[in-house]
Amino acid sequence: MLTLEERGRYDRQIMIKGFGEDGQEKLKRAKVIIAGSGGLGSAASIYLAVAGVGTIRIIDHDRVELSNLNRQILHGDNDIGRKKIDSAAEKLSRLNQGVKVEAIEETINEDNISRLVAGFDLIVDAMDNLPTRYLLNKVAIEKNIPFVHGAVYGLEGRAMTIIPGKTACLRCVYRGLIPQEKFPVIGVTPAVIGCIQATEVIKYIVGIGKLLTNRLLVYDGLNMKFTELAVKKDPNCEHCGH
Ligand SMILES: [Zn+2]
């Protein structure tokens, strides 16, 4: 049941067709992991918090640096040098005290990933490197947890939703390793992609609309174009194949 305060806070989204108080209660019960509290993680977590997702677990091992501030809107000037998860938890709680924020200071790796995602309903890929994305994709499939991929570069971004056992996964689409590097990016790009990821999370939990599955959405901010690439589940995929 929603409280009177929750009915008031979420009044305008409860009005959305197919959403209703049922949808809001589903959000309240939902547990979502945001892997990374950088540009994508900032946008996704802020909008999931204000939408009323009950539990948000945000994972990051970094501290806030000056060069983060052009895009990582969870953090500001006064946070430089702080742990990102502390800064993130503080901002998200300030936006919505009704959300339980679990701030986890760990580097996601093969040893801890299963423990970190256990019991959660959905994983948001807000990482900045391909090896960790693959790891998240793999564990999402193994644990049967839907996974919302997002990536940015400069003024370009990509997003895709993966439903384990049903749709193409990240590994079906990308092969090989892109070396880790410092890459160009401006805040508006992860804002767009992070909000698309948050939209997918909300739709999945509430059970409305059509998910971004078997389609890779490519955003080109320079030319302001959204393109969709149809993708197929690869039966020989090393993550989701048999
Ligand atoms: Zn696959």
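Mentor: Gladly! The axes of helix α4 (residues 39–51) and helix α9 (residues 188–206) come within 7 Å and cross at roughly 40°. This is a predicted model, where local features need pLDDT of at least 70 and side-chain atom pairs count only at pLDDT 80 or more. Residues are numbered from 1 along each chain, and side-chain values use heavy atoms, without hydrogens and water.

Trainee: What makes α4 oblique to α9?

Mentor: Angles under 35 degrees count as roughly parallel, over 145 as roughly antiparallel, 65 to 115 as roughly perpendicular and the rest as oblique. The angle here is roughly 40°, so α4 is oblique to α9.

Trainee: Which residues of α4 make the contact?

Mentor: Among them are L40, Y47 and L48, while the α9 side includes I193 and V201. Contact means heavy atoms within 4.5 Å.

Trainee: Why is the arrangement around the zinc ion called tetrahedral?

Mentor: C169, C172, C237 and C240 coordinate the zinc ion through their SG atoms at 2.2 to 2.3 Å. Four donors count as tetrahedral if all angles lie between 85 and 135 degrees. The angles here are 95 to 119°, so the arrangement is tetrahedral.

Definitions and conventions: Donors are N, O and S atoms within 2.8 Å of the metal (3.2 Å for Na, K and Ca); water is not among the atoms, so sites may look incomplete. Four donors count as tetrahedral if all angles lie between 85 and 135 degrees; four count as square planar and six as octahedral if opposite donors are over 155 degrees apart and all others between 65 and 115; anything else is irregular. Axes are lines fitted to C-alpha atoms, for helices over the stretch in contact, and angles run from 0 to 180 degrees between N-to-C directions. Helices (H or I, at least four residues) and strands (E, at least two) are DSSP runs, numbered from the N terminus.
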